[in-house]
Amino acid sequence: FRINAVSAAKTLMYVTAATNRAVEILSTEVTNEDVETNEQLVCCWQKITTLGTPTATTVTPSKTETGDQAAASTYKANVTASEPTYGASAQDAGMADVHGLKGFSSLGGYQFAPTPEERPLVSGGDSWGLRLLVAPASAVDLDLNVVVREIG
């Protein structure tokens, strides 16, 4: 999914697992499609405590294998209004509801590919957001690639 002209810290994408499913986050990439001056940004996945009604674009996940059924969970990208509420600061080390917290070069991009034992698991009915925690100095176009597995 491409988000044009990102100029603020925001939720880039969020997933709400269907009540009878869990969603395992296998990998995430955020890449900069602009020719920009390099700067330090920060991303992470964080559990949403109160989703509310964010304004965002619905994303229909692509199937990765023939015979896969359609996604049952909800996927939204580019929250433009009514940001979800998150728990304690994502920068607090060791939090169980924060995964993949790291700074990255805006030109190199963010990559999160945890080992199987470290993969975030979104329980049925829960929501997690991919957050950009630092606002870019100037607007950038970002491409998101999130690979998940629905279980159940």
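These legends describe an overall view and several close-up views of one predicted protein model.

**Reading the views.** This model is predicted: local features need pLDDT of at least 70, side-chain atom pairs count only at pLDDT 80 or more, and totals for chains, interfaces and linings use all residues. Residues are numbered from 1 along each chain as its sequence is written, and side-chain values use heavy atoms, with hydrogens and water left out.

View 1. Read along the sequence, the pattern is β-β-β-β-β-β-β-β-β-β-β-β. Helices (H or I, at least four residues) and strands (E, at least two) are DSSP runs, numbered from the N terminus. The C-alpha trace spans about 45 × 35 × 30 Å along its principal axes. For 152 residues, a compact globule would have a radius of gyration near 15 Å, and the protein agrees because its own value is 15 Å. That radius is taken over C-alpha atoms, and the globule rule is 2.2 Å times the number of residues to the power 0.38.

**View 2. Surface and interior of the protein.** The protein exposes about 7700 Å², and carbon and sulfur atoms supply 48% of this area. Accessible areas come from the Shrake-Rupley method with a 1.4 Å probe; for residues, only the protein chains shown count as cover. Buried residues make up 41% of the 152 residues. Buried means under 20% relative accessible area, exposed means over 50%, and partly exposed lies in between (1.4 Å probe, protein chains only). Among contacts with a separation of 6 or more, 86% join residues 24 or more positions apart. A contact means heavy atoms within 4.5 Å.

**View 3. The largest pocket has a volume of about 740 Å³.** Rolling a probe the size of a water molecule over the atoms shows where empty space is left. Here the search uses a 1 Å grid over the protein atoms alone. A pocket is an open set of points with protein on both sides within 12 Å along at least five of seven lines, whereas a cavity is a set where a 1.4 Å probe fits but cannot get out. Grid points are joined across faces, edges and corners, and a volume is the space filled by probe spheres set on the points. Lining residues have an atom within 4 Å of a point. The largest pocket has 25 of them, and P61, S62, K63, T64 and V148 are the closest to its centre. Strand β12 (residues 140-151) gives the most to the lining, with 7 residues. By class, the lining holds 12 nonpolar, 7 polar and 6 charged residues. Ala, Val, Leu, Ile, Met, Phe, Trp, Tyr, Cys and Pro count as nonpolar, Asp, Glu, Lys and Arg as charged, and the others, Gly among them, as polar.

**View 4. L12 is buried, at 0% relative accessibility.** L12 sits in strand β2 (residues 10-16). Leaving aside neighbours within four places in sequence, L12 contacts I3, V30, C43, K76, A77, N78, L130, L132, L142 and L144. L133 is 121 residues away along the chain, yet its C-alpha atom is 10.0 Å from that of L12.

**View 5. A5 and N78 each have a positive phi without being glycine.** Phi of A5 is near 55°. A5 lies in strand β1 (residues 2-6) and counts as partly exposed because its relative accessibility is 48%. Phi of N78 is about 60°. N78 belongs to strand β6 (residues 74-81) and is buried, with a relative accessible area of 17%.

View 6. D126 is in the loop between β10 (121-122) and β11 (127-132). At 24% relative accessibility, D126 is partly exposed. D126 touches V15, T16, A17 and K47, not counting residues up to four places away in sequence. V98 is in strand β8 (residues 98-105) and is buried, at 12% relative accessibility.
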